[in-house]
Amino acid sequence: MTFKARKDTANTPDEDANSSSQNLWDAASDNIQERGQGHHRAVNKKVLRAEDVSTILVLGSKSGGKSTLIGRLLEKNETPKPTLALDFTFARRTTPDLIKEVCHIWELGGDAITFSQLIETPIKTNHALDKFSIFLVLDLSVPEKIWSTLDTTVSSAKKALTRALADNLRSKESQDMTRKLEENIKERLGEDCQDRNQIEPFPLPLVIICTKYDVFQNFEPEKRKLICRILRLASHRLGASLNFYSKHEVAHNRRARELFTHSAFGTPFPKSIVQDYNKALLIPPGGDSYDQIWPGTSPNQFSMDFFKHLFETQVGKYNEKLSIPDDPADDANFRESDVDSRRSLILEDIALTEKVRQEYSKADNLIL
(Lines give C-alpha, C1' and ligand atoms only; values in the text may rest on other atoms or scores of the structure.)
Protein backbone atom coordinates (compact mmCIF):
# COMPACT_ATOMS: atom_id res chain seq x y z
CA MET A 1 0.00 0.00 0.00
CA THR A 2 1.27 3.43 -0.86
CA PHE A 3 -0.15 6.86 -0.26
CA LYS A 4 0.87 10.40 -0.93
CA ALA A 5 1.17 13.30 1.45
CA ARG A 6 0.95 16.99 0.82
CA LYS A 7 0.98 20.09 2.97
CA ASP A 8 -1.20 22.89 1.70
CA THR A 9 -3.67 25.21 3.36
CA ALA A 10 -4.76 26.92 0.17
CA ASN A 11 -6.34 24.01 -1.69
CA THR A 12 -8.47 21.09 -0.64
CA PRO A 13 -7.03 17.58 -1.12
CA ASP A 14 -9.24 16.59 -4.01
CA GLU A 15 -8.48 19.63 -6.12
CA ASP A 16 -6.43 19.03 -9.23
CA ALA A 17 -3.44 21.26 -9.85
CA ASN A 18 -4.82 22.71 -13.05
CA SER A 19 -3.47 26.06 -14.13
CA SER A 20 -5.75 26.37 -17.15
CA SER A 21 -6.98 29.84 -18.04
CA GLN A 22 -10.49 28.62 -18.94
CA ASN A 23 -13.38 30.74 -17.80
CA LEU A 24 -16.17 29.27 -15.72
CA TRP A 25 -18.53 28.56 -18.64
CA ASP A 26 -15.84 26.78 -20.69
CA ALA A 27 -14.92 24.65 -17.69
CA ALA A 28 -18.57 23.74 -17.10
CA SER A 29 -19.04 22.82 -20.78
CA ASP A 30 -15.95 20.61 -20.77
CA ASN A 31 -17.14 18.94 -17.60
CA ILE A 32 -20.51 18.06 -19.18
CA GLN A 33 -18.77 16.63 -22.24
CA GLU A 34 -16.45 14.52 -20.08
CA ARG A 35 -19.41 13.06 -18.22
CA GLY A 36 -20.87 11.84 -21.47
CA GLN A 37 -17.76 10.10 -22.78
CA GLY A 38 -18.67 6.66 -21.52
CA HIS A 39 -18.76 4.47 -18.47
CA HIS A 40 -15.07 3.56 -18.68
CA ARG A 41 -13.98 7.15 -18.16
CA ALA A 42 -16.37 7.51 -15.20
CA VAL A 43 -15.00 4.42 -13.51
CA ASN A 44 -11.42 5.65 -13.75
CA LYS A 45 -12.27 9.07 -12.38
CA LYS A 46 -13.86 8.35 -9.02
CA VAL A 47 -15.58 11.10 -7.08
CA LEU A 48 -14.36 11.53 -3.51
CA ARG A 49 -17.08 10.20 -1.21
CA ALA A 50 -17.74 11.32 2.37
CA GLU A 51 -17.12 7.82 3.69
CA ASP A 52 -13.63 7.86 2.13
CA VAL A 53 -12.52 10.93 4.13
CA SER A 54 -11.14 10.64 7.67
CA THR A 55 -9.53 13.07 10.12
CA ILE A 56 -6.72 12.74 12.67
CA LEU A 57 -5.89 15.36 15.30
CA VAL A 58 -2.35 15.10 16.70
CA LEU A 59 -1.66 17.00 19.92
CA GLY A 60 0.11 16.66 23.25
CA SER A 61 3.40 17.56 24.91
CA LYS A 62 5.51 20.45 23.68
CA SER A 63 8.67 19.18 21.96
CA GLY A 64 7.28 15.69 22.37
CA GLY A 65 7.94 14.80 18.74
CA LYS A 66 4.51 15.38 17.17
CA SER A 67 5.83 16.87 13.92
CA THR A 68 8.58 14.25 13.74
CA LEU A 69 6.02 11.50 14.22
CA ILE A 70 3.80 12.87 11.45
CA GLY A 71 6.84 13.15 9.18
CA ARG A 72 7.71 9.50 9.80
CA LEU A 73 4.13 8.45 9.14
CA LEU A 74 4.13 10.32 5.84
CA GLU A 75 7.64 9.14 4.96
CA LYS A 76 9.13 12.62 5.05
CA ASN A 77 12.84 12.83 5.82
CA GLU A 78 13.30 16.56 6.24
CA THR A 79 13.65 18.14 9.68
CA PRO A 80 10.24 19.60 10.65
CA LYS A 81 9.84 23.27 11.48
CA PRO A 82 8.20 24.35 14.75
CA THR A 83 4.42 24.22 14.48
CA LEU A 84 2.45 27.39 15.14
CA ALA A 85 -1.08 27.00 16.50
CA LEU A 86 -2.95 24.57 14.22
CA ASP A 87 -1.16 23.07 11.24
CA PHE A 88 -2.81 21.10 8.44
CA THR A 89 -1.64 18.43 6.05
CA PHE A 90 -3.20 15.35 4.52
CA ALA A 91 -2.46 11.88 3.25
CA ARG A 92 -4.19 10.07 0.42
CA ARG A 93 -4.13 6.71 -1.26
CA THR A 94 -5.90 4.92 -4.11
CA THR A 95 -7.29 1.46 -3.41
CA PRO A 96 -7.10 -1.45 -5.90
CA ASP A 97 -10.71 -0.56 -6.79
CA LEU A 98 -9.49 2.92 -7.85
CA ILE A 99 -11.24 4.55 -4.91
CA LYS A 100 -9.47 7.66 -3.65
CA GLU A 101 -9.19 7.89 0.14
CA VAL A 102 -8.08 11.00 1.99
CA CYS A 103 -7.09 11.64 5.60
CA HIS A 104 -6.99 15.19 6.94
CA ILE A 105 -4.28 15.62 9.56
CA TRP A 106 -4.42 18.47 12.06
CA GLU A 107 -1.53 19.16 14.42
CA LEU A 108 -1.85 21.37 17.48
CA GLY A 109 1.56 22.96 17.89
CA GLY A 110 3.24 23.56 21.21
CA ASP A 111 1.67 22.38 24.43
CA ALA A 112 -1.89 21.03 24.60
CA ILE A 113 -2.17 22.58 28.07
CA THR A 114 -1.39 26.12 26.90
CA PHE A 115 -3.41 25.94 23.66
CA SER A 116 -6.27 23.73 24.84
CA GLN A 117 -8.86 26.21 23.52
CA LEU A 118 -7.77 25.40 19.96
CA ILE A 119 -8.71 21.72 20.34
CA GLU A 120 -12.30 22.70 19.66
CA THR A 121 -11.66 24.00 16.13
CA PRO A 122 -11.01 20.73 14.23
CA ILE A 123 -13.76 18.93 16.17
CA LYS A 124 -16.58 21.47 15.83
CA THR A 125 -15.90 22.08 12.15
CA ASN A 126 -15.94 18.36 11.31
CA HIS A 127 -19.15 16.83 9.97
CA ALA A 128 -18.00 13.20 10.08
CA LEU A 129 -16.99 12.65 13.69
CA ASP A 130 -17.43 8.90 13.25
CA LYS A 131 -14.27 9.08 11.09
CA PHE A 132 -12.34 11.28 13.54
CA SER A 133 -9.40 10.04 15.67
CA ILE A 134 -7.16 11.71 18.23
CA PHE A 135 -3.46 10.91 18.59
CA LEU A 136 -2.28 12.08 22.01
CA VAL A 137 1.50 12.40 22.24
CA LEU A 138 3.00 12.26 25.75
CA ASP A 139 6.69 12.94 26.44
CA LEU A 140 8.02 10.18 28.70
CA SER A 141 11.24 12.11 29.33
CA VAL A 142 9.28 14.72 31.36
CA PRO A 143 7.15 12.47 33.60
CA GLU A 144 5.81 15.19 35.92
CA LYS A 145 3.99 16.75 32.97
CA ILE A 146 2.42 13.56 31.61
CA TRP A 147 -0.77 13.59 33.66
CA SER A 148 -1.59 17.29 33.25
CA THR A 149 -1.22 16.95 29.46
CA LEU A 150 -3.40 13.83 29.31
CA ASP A 151 -6.07 15.23 31.66
CA THR A 152 -6.29 18.61 29.90
CA THR A 153 -6.49 17.03 26.45
CA VAL A 154 -9.20 14.54 27.37
CA SER A 155 -11.39 17.09 29.19
CA SER A 156 -11.01 19.75 26.47
CA ALA A 157 -11.77 17.28 23.66
CA LYS A 158 -14.83 15.95 25.52
CA LYS A 159 -16.18 19.48 25.96
CA ALA A 160 -15.61 20.28 22.29
CA LEU A 161 -17.35 17.08 21.20
CA THR A 162 -20.30 17.77 23.51
CA ARG A 163 -20.69 21.25 22.03
CA ALA A 164 -20.41 19.94 18.48
CA LEU A 165 -23.22 17.43 19.05
CA ALA A 166 -25.30 19.87 21.12
CA ASP A 167 -25.35 22.45 18.31
CA ASN A 168 -27.66 20.13 16.37
CA LEU A 169 -29.04 18.13 19.29
CA ARG A 170 -32.56 17.85 17.88
CA SER A 171 -31.53 17.11 14.34
CA LYS A 172 -31.66 13.60 12.96
CA GLU A 173 -28.08 14.00 11.75
CA SER A 174 -26.84 14.59 15.31
CA GLN A 175 -28.83 11.64 16.63
CA ASP A 176 -27.43 9.39 13.92
CA MET A 177 -23.89 10.55 14.69
CA THR A 178 -24.32 9.81 18.40
CA ARG A 179 -25.54 6.33 17.54
CA LYS A 180 -22.58 5.76 15.19
CA LEU A 181 -20.10 6.85 17.90
CA GLU A 182 -21.67 4.40 20.36
CA GLU A 183 -21.48 1.59 17.81
CA ASN A 184 -17.84 2.43 17.07
CA ILE A 185 -16.98 2.21 20.78
CA LYS A 186 -18.43 -1.31 21.00
CA GLU A 187 -16.53 -2.33 17.88
CA ARG A 188 -13.22 -0.89 19.15
CA LEU A 189 -13.42 -2.58 22.54
CA GLY A 190 -14.52 -5.93 21.15
CA GLU A 191 -16.66 -8.62 22.73
CA ASP A 192 -13.84 -9.90 24.98
CA CYS A 193 -13.28 -6.56 26.75
CA GLN A 194 -13.13 -7.00 30.52
CA ASP A 195 -14.40 -4.41 33.00
CA ARG A 196 -16.92 -3.20 30.43
CA ASN A 197 -19.15 -1.83 33.21
CA GLN A 198 -16.26 -0.16 35.05
CA ILE A 199 -14.81 1.94 32.23
CA GLU A 200 -15.86 5.20 30.56
CA PRO A 201 -14.63 4.99 26.95
CA PHE A 202 -13.68 8.21 25.23
CA PRO A 203 -16.29 8.88 22.49
CA LEU A 204 -13.67 9.10 19.70
CA PRO A 205 -10.81 6.69 18.95
CA LEU A 206 -7.97 7.77 21.24
CA VAL A 207 -4.43 6.65 20.40
CA ILE A 208 -1.93 7.46 23.18
CA ILE A 209 1.66 7.51 21.94
CA CYS A 210 4.29 7.95 24.64
CA THR A 211 7.43 9.19 22.93
CA LYS A 212 11.13 9.21 23.90
CA TYR A 213 11.01 5.68 25.26
CA ASP A 214 14.79 5.50 24.76
CA VAL A 215 15.13 8.07 27.59
CA PHE A 216 12.39 6.57 29.73
CA GLN A 217 13.90 3.08 29.81
CA ASN A 218 16.88 4.50 31.72
CA PHE A 219 14.69 5.61 34.65
CA GLU A 220 14.70 3.70 37.94
CA PRO A 221 12.72 0.42 37.63
CA GLU A 222 10.19 1.32 40.35
CA LYS A 223 9.49 4.70 38.77
CA ARG A 224 9.00 3.11 35.36
CA LYS A 225 6.69 0.49 36.84
CA LEU A 226 4.56 3.12 38.61
CA ILE A 227 4.23 5.35 35.52
CA CYS A 228 3.37 2.35 33.33
CA ARG A 229 0.73 1.20 35.81
CA ILE A 230 -1.01 4.58 35.98
CA LEU A 231 -0.90 5.05 32.21
CA ARG A 232 -2.37 1.56 31.73
CA LEU A 233 -5.14 2.32 34.23
CA ALA A 234 -6.05 5.61 32.54
CA SER A 235 -5.81 4.19 29.03
CA HIS A 236 -7.99 1.21 29.96
CA ARG A 237 -10.64 3.41 31.55
CA LEU A 238 -10.71 5.65 28.45
CA GLY A 239 -10.89 2.69 26.05
CA ALA A 240 -7.73 3.98 24.37
CA SER A 241 -4.73 2.23 22.89
CA LEU A 242 -1.42 2.75 24.68
CA ASN A 243 1.84 2.70 22.72
CA PHE A 244 5.39 3.47 23.82
CA TYR A 245 7.54 4.84 21.03
CA SER A 246 11.12 5.75 20.19
CA LYS A 247 11.90 7.29 16.82
CA HIS A 248 15.18 5.38 16.82
CA GLU A 249 13.48 1.96 16.82
CA VAL A 250 12.45 0.49 13.47
CA ALA A 251 9.76 -1.68 15.07
CA HIS A 252 8.26 1.34 16.86
CA ASN A 253 8.10 3.34 13.62
CA ARG A 254 6.40 0.42 11.89
CA ARG A 255 3.87 0.11 14.70
CA ALA A 256 3.12 3.85 14.64
CA ARG A 257 2.59 3.71 10.89
CA GLU A 258 0.18 0.78 11.32
CA LEU A 259 -1.78 2.76 13.90
CA PHE A 260 -1.91 5.71 11.54
CA THR A 261 -3.10 3.75 8.50
CA HIS A 262 -5.72 2.03 10.65
CA SER A 263 -7.18 5.37 11.76
CA ALA A 264 -6.74 6.99 8.35
CA PHE A 265 -7.76 4.22 5.96
CA GLY A 266 -9.30 1.45 8.03
CA THR A 267 -6.48 -1.09 7.71
CA PRO A 268 -6.36 -3.85 10.37
CA PHE A 269 -5.37 -2.77 13.87
CA PRO A 270 -1.93 -4.07 14.99
CA LYS A 271 -2.44 -7.34 16.86
CA SER A 272 0.64 -7.52 19.10
CA ILE A 273 0.24 -6.85 22.85
CA VAL A 274 3.04 -6.00 25.30
CA GLN A 275 2.14 -5.42 28.98
CA ASP A 276 5.57 -5.91 30.55
CA TYR A 277 6.78 -2.60 31.99
CA ASN A 278 10.37 -3.63 31.21
CA LYS A 279 9.48 -3.34 27.52
CA ALA A 280 7.75 -0.78 25.33
CA LEU A 281 4.02 -1.09 26.09
CA LEU A 282 1.71 -1.95 23.19
CA ILE A 283 -1.90 -2.34 24.32
CA PRO A 284 -4.96 -2.06 22.01
CA PRO A 285 -8.36 -0.71 23.13
CA GLY A 286 -10.03 -3.21 25.43
CA GLY A 287 -6.86 -5.31 25.55
CA ASP A 288 -6.17 -4.76 29.25
CA SER A 289 -7.98 -5.33 32.55
CA TYR A 290 -7.87 -3.86 36.05
CA ASP A 291 -7.01 -7.27 37.48
CA GLN A 292 -3.96 -7.56 35.21
CA ILE A 293 -2.83 -4.00 35.97
CA TRP A 294 -3.39 -4.03 39.73
CA PRO A 295 -4.26 -7.51 41.03
CA GLY A 296 -6.38 -7.70 44.16
CA THR A 297 -7.64 -4.11 43.93
CA SER A 298 -11.35 -3.36 43.56
CA PRO A 299 -12.09 -1.50 40.30
CA ASN A 300 -14.86 0.44 42.06
CA GLN A 301 -12.29 2.89 43.44
CA PHE A 302 -10.76 3.55 40.03
CA SER A 303 -11.55 6.94 38.49
CA MET A 304 -9.63 9.61 36.64
CA ASP A 305 -9.49 11.67 39.85
CA PHE A 306 -7.99 8.68 41.69
CA PHE A 307 -5.38 8.23 38.94
CA LYS A 308 -4.57 11.94 39.09
CA HIS A 309 -4.05 11.83 42.86
CA LEU A 310 -1.91 8.70 42.53
CA PHE A 311 0.24 10.25 39.81
CA GLU A 312 0.74 13.65 41.44
CA THR A 313 1.59 12.23 44.88
CA GLN A 314 3.91 9.45 43.73
CA VAL A 315 5.38 10.70 40.43
CA GLY A 316 5.16 14.48 40.55
CA LYS A 317 2.88 17.42 39.96
CA TYR A 318 3.31 19.89 37.16
CA ASN A 319 3.19 23.51 38.33
CA GLU A 320 1.84 25.46 35.41
CA LYS A 321 3.57 28.74 34.74
CA LEU A 322 2.16 31.26 32.32
CA SER A 323 4.73 31.89 29.63
CA ILE A 324 4.43 34.01 26.53
CA PRO A 325 5.33 32.02 23.39
CA ASP A 326 8.09 33.32 21.15
CA ASP A 327 6.89 35.85 18.59
CA PRO A 328 6.81 34.07 15.19
CA ALA A 329 7.42 37.42 13.51
CA ASP A 330 10.97 37.24 14.84
CA ASP A 331 11.52 33.77 13.37
CA ALA A 332 13.31 33.71 10.01
CA ASN A 333 11.22 30.69 8.97
CA PHE A 334 8.06 32.84 8.88
CA ARG A 335 9.26 35.99 7.15
CA GLU A 336 6.86 37.74 4.77
CA SER A 337 8.26 40.96 3.33
CA ASP A 338 4.91 42.72 2.73
CA VAL A 339 3.48 41.75 6.08
CA ASP A 340 6.72 42.51 7.94
CA SER A 341 7.03 46.00 6.44
CA ARG A 342 3.44 46.84 7.35
CA ARG A 343 4.00 45.46 10.84
CA SER A 344 7.09 47.65 11.27
CA LEU A 345 5.06 50.77 10.44
CA ILE A 346 2.38 49.81 12.94
CA LEU A 347 4.96 49.14 15.65
CA GLU A 348 6.57 52.55 14.98
CA ASP A 349 3.14 54.22 15.34
CA ILE A 350 2.55 52.38 18.59
CA ALA A 351 5.98 53.37 19.93
CA LEU A 352 5.39 57.02 18.97
CA THR A 353 1.94 57.03 20.58
CA GLU A 354 3.37 55.53 23.78
CA LYS A 355 6.14 58.14 23.82
CA VAL A 356 3.64 60.99 23.44
CA ARG A 357 1.46 59.48 26.18
CA GLN A 358 4.42 59.34 28.55
CA GLU A 359 5.35 62.97 27.78
CA TYR A 360 1.80 64.14 28.55
CA SER A 361 1.84 62.06 31.73
CA LYS A 362 5.05 63.75 32.87
CA ALA A 363 3.61 67.21 32.09
CA ASP A 364 0.46 66.41 34.11
CA ASN A 365 2.58 65.34 37.08
CA LEU A 366 4.61 68.57 36.95
CA ILE A 367 1.42 70.67 36.93
CA LEU A 368 0.05 68.77 39.91
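I looked up Ser63 and found it in the loop between β2 (53-60) and α3 (66-73). Helices (H or I, at least four residues) and strands (E, at least two) are DSSP runs, numbered from the N terminus. The model is predicted: local features need pLDDT of at least 70, side-chain atom pairs count only at pLDDT 80 or more, and totals for chains, interfaces and linings use all residues. Residues are numbered from 1 along each chain as its sequence is written, and side-chain values use heavy atoms, with hydrogens and water left out.

I noted that Ser63 is not a glycine, yet has a positive phi of about 60°. Most residues other than glycine have a negative phi. Ser63 counts as exposed, at 56% relative accessibility. My cut-offs are under 20% relative accessible area for buried, over 50% for exposed, and partly exposed in between (1.4 Å probe, protein chains only).

Next I checked Leu98, in the loop between β3 and β4 (100-108). Leu98 is not a glycine either, and has a positive phi of about 65°. Leu98 is partly exposed, with a relative accessible area of 37%.

Then I turned to Arg93 in strand β3 (residues 86-94). Arg93 is buried at 15%. Its side chain makes a polar contact of 2.6 Å with the side chain of Glu101. A polar contact is a pair of N or O atoms within 3.5 Å; within protein, one must be able to donate a hydrogen and the other to accept it, and residues adjacent in sequence count only if both atoms are side-chain atoms. The Arg93 side chain also reaches the backbone oxygen of Phe265 at 3.5 Å.

Last, I followed Phe265 to α9, where Phe265 is among the buried residues. Gly266 follows α9, with a positive phi near 75°.
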